[in-house]
Amino acid sequence: MKDKRILVKGVEAIAFGALEGGCNCYFGYPITPQNEIPELMSVELPKRGGVFLQAESETSAINMVLGASAVGARVMTSSSSPGISLMSEGFSYLIALELPCVIVNVMRGGPGLGGIEASQGDYFQAVKAPGHGDGKFLVFAPYSCDEAYELTAKAFELADKYRNPVMILSDAILGQMKEPLTLKPLKIKRIKKDDWILNGAKDRPARVIKSLFLDSAELAERNRKLKKKYQMMEKEIRYEKIFEGNEDIIVVSFGSMARLCKEAVLNLREKGYPVGFFRPITLYPFPRFTLFKLAEASQRKKRFMVFELNCGQMVEDVASSICGRGDTYSVFYPPSILPFPEDIEKEIKKCLKYSNSPKV
Amino acid sequence: MPEVFKLPKSLKKNIFHYCPGCHHSIVHRLLCEVIDELNLRDRAVGLASIGCACFLYFYIDVDIVEAPHGRSCSVATGMKRARPELVVFTYQGDGDFAAIGLGDSLHAASRGESITALMINNTVYGMTGGQLSPTTVLQQKTTTTPLGRDPKREGFPLKMAEVLSNFEGVAFCARTAVNTPKRVIETKKLLKKAFLAQLENRGFSYLEILSTCPVNWKMDALSATKHVDKLIEIFPLGVFKDTFGGNSEI
C-alpha cells in the first residue's frame, strides 16, 4: 500500500507521530501555538480506546501524566514555553521516579508572556535544567513535518527504553507551518513494563515508586545511577551535516532556524563558498564529539557560526564542544524577528571576509 | 483458641515513626483493615503525599507512588483514567490537600474522578515544624502565626468537607475523628464507604479525619487527643454528602 500523504501543520505532524508511537493517554492545558495537538488527540484517542483529558492547569496535566505513566500508559503532554515552566517541577519528579513520557514544547517568544511567534528561547531550560536537581532528558529538535512525525513516534519507544521523559522541542514556525507529511508506518518497539509498573500487588510483593532518599549515601547512589542512564542516552545522538573537510566556516543551527540556514548554506556552496552545515537533532545529549572532530578535520582553524532564534544559547555548547580548536561566533535573532536565507548568506559572507569579526 | 485480634495483612510490621500521640498510625491501621476486608490489596494503588505520611509505604503493603506536594488528586486522576480497574486512594495532609493542592483537589472532585481522597486534618504543617495551614483555627498559635491566627491577616479556616459537599462530582464526603474508641469504629465504617463509592463508580469520595499534632500543638499525647474535641466544635463531624441514600448501613 502506498504511504498516505497529507498536508498538515507541524503540530499535527507531532500528534500523528504520537499516535503512530502508540500514545494512549494525553493530558494537557490549552496554550498557543500548540492547541491543534490536544484538539486532534481529543478526537483520535477516544476512537482508539485511549484517554484524553484536559486538565485545569499545566501543573495538573504533568501530574496526570505522572500517574498514567506509573500505571504503564504510553502518555504525553504538550505545551508552549510558559506552560513548560509550570510543568518543570513535574519533569524533575518524572525523571527521579524513572517514569517514561513524551513532552512537547512548541516554543514561543519569552521571557514572561512574551509573544506567540517563533522562538528558540527555551534551549537552556530543555537541555540544562528541565527541573530542579540534576535531572536530564533526551531532547529532540525536528525541523520538518516528516521529522516531527518520526521523532515523536520514536520518542515513545526511547522514553520506555530509558524509563525517562523525552522532550520534543519544536517552535511556532515548524508548529504552525503547513507542509506535506508522509504518514508511513514506523517500527516502534513495545517495551515490556510488567516488572515495574503499579497495577496492584497481585501474586507479587507491593512496589514503591519514590524519589525521597533521606540517607545521603543512598541519594548519591541514586544520582550516579541516573547519570549513567544519561550517558547511555548518548547512543541516541542524531545530527545532520554537510561537510567535506576543507570548509572555513561551519554553520550550526537547530529546528526551524536550521532550515533557513541550510538553504543559505546550500546556495553559498553552489557558488563555491567554503561553508559547511551542522544540525544537532538531539540537543541533549549534544553531539559534542562529532563537533570536536569537525573542528579537528583539517589544520586550518575553522569558524563555527551558531545561528539561533534567541539571544545566544546553543552557542555555549558549540564553544565548549570544540574546546578552542576553532572560533565560535554567535548570530542571534531575538524571538519574532525572522531572518531570510539571504540575510543569513550576508552574515556568512561577512564572516568569511573579516576574520576579525567578534567572537564568543 | 479462636483468634480475636491480629494485625491487618496489609499492614507491614514496621515500628511507626510518628510522634507519640499522633493519630496517623490509627488511620493507617484502619486503612489496612478496610483494604483487607474489601479484598483490595491486589488492585489498590496508594498515593503518598508530602508531609509526615509520605512514608506511607513503610507501613502499608500495597503499590504506592510518591506524589509531588499537593498533586495527589491529579496523579490519582492519571492512574484511574489510564487503568480504571485499579482502586486508587490518596493520603494527604491539610496543607497538601487544601493549600498547595486545592486546585488539584477541587477539580478532581468536580470532575467526579472515581478516586478516594483522605485528608488528615491536624490544623498545622506537621513535618516542617508547625506552621500555619489553611485549616489552622482562629487564635491558634503556630510558628508563623506566633500571636495566633487573626482572621484579618490570615483569613478563616477552610472547611473542606463542607466545600466538597456542594460538588456534583462528589459521591461521598464526610468528616470524622479517631480520638475516642467509638470514633475509631465509626471512622472505619466511613472509610469503607469511601472505598465502596469508588468500587461502585459513584464519583469522587472524600474522608477528612481530624488528627493531632502533639509536638507542634505543644501538648502531651493525652491533652492533644482530648483537644480534638475542641476542633470538632469548629469542624463538625458527620456525613456531608452521601449518594448511597437509604443503603447507608455498611
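Angles under 35 degrees count as roughly parallel, over 145 as roughly antiparallel, 65 to 115 as roughly perpendicular, and the rest as oblique. The model you see is predicted: local features need pLDDT of at least 70, side-chain atom pairs count only at pLDDT 80 or more, and totals for chains, interfaces and linings use all residues. Residues are numbered from 1 along each chain as its sequence is written, while chains are lettered from A and ligands numbered from 1 in the order in which they are written.

- The axes of helix 9 (residues 255-270) and helix 12 (residues 341-353) of chain A come within 8 Å and cross at roughly 60°; axes are lines fitted to C-alpha atoms, for helices over the stretch in contact, and angles run from 0 to 180 degrees between N-to-C directions.
- Helix 9 of chain A and helix 12 of chain A are therefore oblique to each other.
- Helices (H or I, at least four residues) and strands (E, at least two) are DSSP runs, numbered from the N terminus.
- Among the residues making this contact are A:L260 and A:A264 of helix 9 of chain A, and A:I344 and A:I348 of helix 12 of chain A; two residues are in contact if their C-beta atoms, placed from the backbone, lie within 7 Å.

**An enclosed strand**

- Five of the five residues of strand 4 (residues 75-79) of chain A are buried, so this strand is largely enclosed by the rest of the structure.
- A residue is buried if 20 or more other C-beta atoms lie within 10 Å of its own, exposed if 12 or fewer, and partly exposed in between, with C-beta atoms placed from the backbone.
- On one side of strand 4 of chain A sit A:V75, A:T77 and A:S79, and on the other A:M76 and A:S78.
- Strand 4 of chain A pairs in the parallel sense with strand 2 (residues 25-28) of chain A over two bridges, and with strand 5 (residues 101-107) of chain A over four bridges; strands pair if DSSP finds at least two bridges between them.
- A:M76 is the bridge partner of A:Y26, and A:I103 is that of A:T77.

**Where the chains meet**

- Chain B gives 29 residues to the contact and chain A gives 32.
- Helix 3 of chain B supplies eight residues, the largest share of the side of chain B that touches chain A.
- Strand 9 (residues 208-209) of chain A and strand 2 of chain B pair in the parallel sense over two bridges, with A:V208 opposite B:I64.
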